[in-house]
Each structure stands twice: as structure tokens, then as C-alpha cells.
Amino acid sequence: MCGIFAYLNYNVNRERRHILQVLFNGLRRLEYRGYDSAGISIDDGDFSSFPRSSSDGSLSPPPLVFRQEGNIESLVKSVYQEVVATELNLEKSFTTHAGIAHTRWATHGEPAPRNSHPQTSGSGNDFLVVHNGVITNYEVLKETLVRHGFTFESETDTEVIPKLAKFVFDKANEEGDQTVTFSQVVLEVMRHLEGAYALIFKSRHYPNELIACKRGSPLLLGVKENDDVCNGSAFHDAKFLLQNSNPKELFLSSDANAIVEHTKKVLVIEDGEVVHLKEGTVSILKFNNDKGRNGGSRSARPASVQRALSTLEMEVEQINKGTYKHYMQKEIHEQPESLTTTLRGRLLRGGSWKAKTVLLGGLKDHLKTIRRSRRIVFIGCGTSYNAALAARPIMEELSGVPVTMEIASDLLDRQGLIYREDTVVFVSQSGETADTLLALEYALENGALCVGITNTVGSVIARNTHCGVHINAGCEIGVASTKAYTSQIAVMAMLALAIGADTISKQERREAIIDGLFDLPNKIREVLKLDQEMKDLAKLLIAEQSLLVFGRGYNYATALEGALKVKEVALMHSEGILAGEMKHGPLALVDENLPIVVIATRDACFSKQQSVIQQLRARKGRLIVMCSKGDAASVCPGGGCRVIEVPQVEDCLQPVVNIVPFQLLAYHLTVLRGYNVDQPRNLAKSVTTQ
Ligand code: UD1
Ligand code: M6R
């Protein structure tokens, strides 16, 4: 959903052309999140000749604001058209400059320039704001501001923020306080805001300064000290980096993707913090007693805090497509490697006398509590929910604890029961999905042990759960989740192994699963060889309206997830159906035209699936059967159906292998049908609003 980015160069000469390129590239890195409009703000003149000013007549020129609906490239085009029309000098060099940028996913008001960000305090652009999240009390604030003479031009909730900043600033000046600082203004604004947000402020009253603050939505600061302008000296002390006034470049973003190509040194901004970038230093103020994302009173005096920088554990290559045409294609094909990283250091084979075990560093102190829990509850949305569903049978089998499933929004809608004796597992690739986050808050309030399974280190879910496991699948950019799904299942299988590790009777079963996990990357390499076969199948299905997928047992989840992939990217109706339910309704749909995939790989449900195939064939169903290698004749005696043969693995790991042909099918169908693979219509990568 919305993405924010800012770039501040301090004592480093940068031409306006370069500044624009950095801002545009930052926006391009945020594109994958989904958006429908974008905007930036840069300075008109060189603010270094304009000291901070209020009513002394030497106010610096208003910052320039460019906003456009549509994609980043239409924003870029419109900016350069404007540059030509206004004869803006692209070669003009700024020793210090603060620029901000935003991609917007429409929530309040249609996609249109007036609703895009930066949102402004008014015609002079005294205060500009880019915002992620939702301000829940914006209507009340708007009414108050209208009463004070402000006029609003957008339908957004965001517009109240810059206007409130101007109101606070003007009021301080009217009251004779001409030394009010940028952070004081923002702290006062924050006091009035309710909801979830990450914000960046820019102001002509505080040239070359930026303020970032957040509650709920993610925000990172990247710090790059320029060796060239520092005469080659390197600064490694984190606090020094934040406090010295050496030349540097600072980046703010809602997403590490937009920062990693510039620097790996980051500060993960925390809720309630106000980060002030001024004259090369970074100062942080924090509200005490912050009450969380739903607002509430806070203590009046924010305190100054010291924070250390951390290092981003990702590589620039992760955010490039390499030799692939699309991120989704790259992410499908890199699953042998992503699974290897997921498993690395966590599977212990032991010596000849030692048992094979798993080690999940983040959970070892909590396993006893989990084993004693009355119930394990899996919570997630979309693909993450499906991954949990795939892992449910093995979790029940190995842990001996009943496992229930919750789609996060449904749990919240009905305020389902969560007890202190429950262990609640939150599964989320991004770690910032709004429904899952709210379900986490709810489970915390109810006293349950909360375990996170996330891909994003430092994400809200990773930080707010009591413990958890990072799936370490690497950055996933395609909106359709692929490699995160397989890594999530692998992690949950390891979780089941860890919880059940003290049951002697199941040692043989556990060791077979551990061997299966070791071999999983190889099996994925093998199943990826079906790429051309899936492309041929996609050619056959290109004009279909609908595709049904029947699965059961371990592979009920595969049916749901396979259908979700086809639906979300190829924009073809597709439904995953529990095969056991076939005769209770779906059978009525079967005829010689509707394509149906039946998953019938070898496990305890195999014979039941054989019977499903027979019944479908008796009704002339148009079948595509997924079976284990060598089983074509058993699943489709006499021929007549299309068969996809996949390598056989330990039954509980089979969903990891079986989903791959569906991912390939969805990918090829999308390309052949001419749709956008990485940013499917109407969808966002991280669903940060309810
Ligand atoms: C950790 C290190 C890894 C290092 C390894 C060496 C991190 C992020 N991971 O990996 O770089 O190689 O030790 O032993 O520093 N957590 C949650 N909620 C979540 C996810 C994780 O609370 O949703 C917590 C865990 O309980 C743990 C910490 O985050 O305390 C790190 O989790 P994880 O990366 O899975 O731990 P390790 O695999 O041990
Ligand atoms: O980041 P999360 O795993 O919490 O996201 C949950 C869903 O929004 C996500 O899995 C969605 O269903 C994917 N686009 C599916 O490919």
C-alpha cells in the first residue's frame, strides 16, 4: 500500500537532476507494494541562503510539489515537462537539500493529483507531509481547522496533518514564540493524531530539515557517510554517526528496499519517536507512555533518546530481477535457495549416536510453555493463512495439541475466543498486515503466548510477538507470494518438530521429516523442471473462465493456494475445494468444459482421491491430475486426463513441492493473458489498512 521515501544530502554537493533521480528511484523501489498515484517535493531555491524564518520577511520560496495519478513514470514525465515549462535548472547544485516522495494507495478519495501526497498546509506549502496509514480522528480535526479558516482541497485524511502543523506554528509565533522548533511543532501535531501512521514532514520554515515520526506503520532511517567528502575516514560508531555533523546522505523510507542500494546502516524508528534531521545530526525525541496505535493521552514531556544503528541483512541483488522478466518468476525459481536459507543452521543431523533435531533459536526458551498450552491457534491472511493450513496436520500430529485456524479479519469480526492458555501463531510475510496486527493486539490483550512467523526482521509483528521465527526467505517483491509460502511451511514443520521433540515414540517419524527437509531444495529444483510443461498447460487454459482445484489432507491448502495464485495474477476465476466436500455441492459444476485439477499425490488420502477422480471422470470431467512420479497409470487408468507428475517427498512436506507447478501455471497464464505479473490489478503487497 502507500510507500514513503525521503532523501536529505548534507554538506554533499548534489545537482537537482541527481536529487530527482534518487527520489524517483526510491519510489520505483516502493512500486511493488501497490499504488495508484505518486508525488514528490523538492526545493525551488537554494535554502542555504535562507535561514529559518517566520515573520521576518525573509521566508524562503515555497517548495515545489509535483503530484500525479497513475504510475511513477507518468509522474517522472510530468515533472520533466514542468521543468522545461518553468525553465527549472536541473544542473543547479545544492550542498544541502531535503526532498520527500510518496506512492499512494487510495483509501480516502479517488486517485487524483489533489488527493496524492505530499499533502500541503496551503498555497505557500509552509508544511508538507507524506503519510502511510490512516488518521482515524481526521473528521474532528478537519472541522476544527475549518473553523480556524483553513480550506481543504482533498478528500484525504492526511490533509489535516500539514494544516495542523501550520496552525501550531502560526499560533506559537502569534504568541511570540519565534524559536519554536520543527520537532516541537510535530510533537504538538502528534498529540492530536489518532490512528496508525508513519509521517515525514518538510517545511519552508525549517529549510533543509526533515522530521519523521510514526505510530503503527513502519519507518526506517538509512545513514550514509560519504567517504569521498570525509577525506576517506570511516565512521563506525553508531551513536557518532547519528550525532556528528559530517557530510552525509540520509534516507527515510517505509521499506528497506528503497534504502539498501544506498546504505545498509539503518535505524528502525520506533512508535512514538520523532526523528529530527538537522544540520547533519539526527536527534530523537520520544513520547513516554505511548498508548499504542489507537491513540490516547500521553505524558506531556517527550524525552530525548539515544539509539544505535543496525545493519540491514539484505543484498542489493535481492531487489533486482537479475536475468528474469518478472519478480514473481525470479521468486518462483529461487525457491531452492530461499528454502536453503530458511533451513540453514536449524536442522541438526547429529552423529551416529545422536538424534536428528531442529534448533529454532528464537523459540527454545518458550517450547515448554507451548507444549503445555491448551490449544495452538494459527492466524494469518491470504497465502500466509494457507501456509498455516498446510502445516496444521503435522503440527497436530507431532505436538499432540489441538490446532485451530483463524483468518485474522474473521477472528476480529466475531471477537473469537482467545485464552491465556493458548499459543497463538501469527503468520505474515510482511509482518505488517493490518488485520493480522490487530489480531495480535487482541491476543496480547487476552494474555495468550504470541509467536510470530515473519519474513521481515524488525517488522511490527516480529517486534510485538513474545517470540518467533524469521523465515529468512529473502525479500519478496512480487505481490503474489511464492517463496515466502514454501519457507513458511518449512518453518512451521520445524516448529512442529521442535514442539514434539520430547516424544520418543515419534522419533523415527521426526527423523524422516528432518531428512525430507534436508532434501527439499533438491526436490524443488526437480519440480521446477516442469516450467515448460506448465507453460504448455497455460496455453491450453488461456481462454478459460474458471479453474477448480480439488485437494484434501495435507493438500487442501495446496488447492486453496493454487487457486489463489491463478485468481490474483492471471485474473481467472479459480476455486480451491476440499475434495471431501465434492458431493455436497461442487459436483454440480462438473461437465466436459470446466477444467479441474485434482491433487492426488501419495499420502494417506491417496485412495480417496483416486475415487474422486473416478467420480469426476464418470461425469466427463475435464481433468488435470497432479500425482507422484510414476503414478500416472494409477491415477488415470486408460488415459484421458492430463497428468502432472511431481517428485514424492515426506507426506507433510508434499505441499511445498505441489504448489510449485501452480505457481508456474499462474505465472505463465498471466503473461499469456497479457496482465501485470508483479502488480496485479487492485492488489497491494502489504495490506496495511483494514
Ligand atoms: C538469530 C539471528 C541470525 C543469527 C542466528 C545465530 C536475527 C534476526 N537472527 O537467528 O542472524 O545468524 O541467530 O544464532 O538476528 N522473533 C519474534 N517474532 C517473530 C520473529 C522472530 O519475536 O515474528 C524473535 C525470536 O524469538 C528471536 C529473534 O526474533 O528472539 C530472532 O529470531 P530468528 O531470526 O528466527 O532467530 P535465529 O534463527 O536464532
Ligand atoms: O504479508 P502477509 O503475509 O501478512 O500478507 C497476507 C496476504 O495479504 C498475502 O499473503 C496475499 O494473500 C498475497 N498477495 C497472496 O499472494
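View 1. A cis peptide bond joins His117 and Pro118, with omega at about 5 degrees. Most residues other than glycine have a negative phi, and most peptide bonds are trans. Asn125, which is not a glycine, has a positive phi of about 50 degrees, and Asn125 is found in the loop between β7 and β8. Asn682, in the segment after α20 (654–673), is likewise a residue other than glycine with a positive phi, near 65 degrees. Asn125 counts as buried at 12% relative accessibility, whereas Asn682 is exposed, with a relative accessible area of 63%; buried means under 20% relative accessible area, exposed over 50%, and partly exposed in between (1.4 Å probe, protein chains only).

**How the views were prepared.** Residues are numbered from 1 along each chain as its sequence is written, while chains are lettered from A and ligands numbered from 1 in the order in which they are written. Because this is a predicted model, local features need pLDDT of at least 70 and side-chain atom pairs count only at pLDDT 80 or more, whereas totals for chains, interfaces and linings use all residues, and side-chain values use heavy atoms, with hydrogens and water left out.

**View 2. Tyr7 and Phe251, an aromatic pair.** The structure holds 8 aromatic pairs, a pair being rings of Phe, Tyr and Trp (its six-membered ring) with centres within 6.5 Å, where planes under 30 degrees apart count as stacked, over 60 as edge-to-face and the rest as tilted. Tyr7 and Phe251 form a stacked pair, 5.2 Å centre to centre with 20 degrees between the planes. This pair links distant parts of the chain, with Tyr7 in strand β1 (residues 3–10) and Phe251 in strand β12 (residues 248–253), 244 residues apart. Tyr7 is buried, with a relative accessible area of 0%, and Phe251 counts as buried at 1% relative accessibility.

**View 3. Rings in a cluster and under charges.** Ring pairs link Phe127, Phe169, Phe182 and Tyr206 into a cluster. The charged end of Lys92 sits over the ring of Phe94, 5.4 Å from its centre, and Arg374 lies over the face of Tyr419, at 4.5 Å from the ring centre; a charge sits over a ring if NZ of Lys or CZ of Arg is within 6 Å of the ring centre and within 35 degrees of the ring normal.

**View 4. The nonpolar cores.** The largest nonpolar core has 89 residues, and those with the most contacts inside it are Phe378 and Leu517; such a core is a set of buried Ala, Val, Leu, Ile, Met, Phe, Trp, Tyr and Cys residues joined through side-chain atoms within 4.5 Å. Helix α14 (residues 483–499) gives the largest share of this core, 13 residues. A second, separate core of 37 residues includes Tyr7, Val79, Phe94 and Ala256.

**View 5. Helix α5 and the residue Asn386.** In helix α5 (residues 182–192), the buried residues include Phe182, Val185, Val186 and Val189. Among the elements that cover the buried residues of α5 are α4 (160–174), β9 (195–203) and β10 (210–215). Asn386, which lies in helix α10 (residues 382–399), counts as buried at 6% relative accessibility. Leaving aside residues up to four places away in sequence, Asn386 touches Tyr485, Ala557, Leu560, Glu561 and Leu564, contact meaning heavy atoms within 4.5 Å.

View 6. About 1,200 Å³ of space lies in the largest pocket, which is lined by 45 residues, with Glu313, Met314, Asn455, Thr456 and Val457 nearest its centre. On a 1 Å grid over the protein atoms alone, a cavity is a set of points where a 1.4 Å probe fits but cannot get out, and a pocket is an open set with protein on both sides within 12 Å along at least five of seven lines, lining residues having an atom within 4 Å of a point. Grid points are joined across faces, edges and corners, and a volume is the space filled by probe spheres set on the points. The largest cavity holds about 160 Å³ of space, and of the 19 residues that line it, the closest to its centre are Cys2, Trp105, His131, Asn132 and Gly133.

Methods. Helix = DSSP H or I, 4+ residues; strand = E, 2+ residues; numbered from the N terminus.
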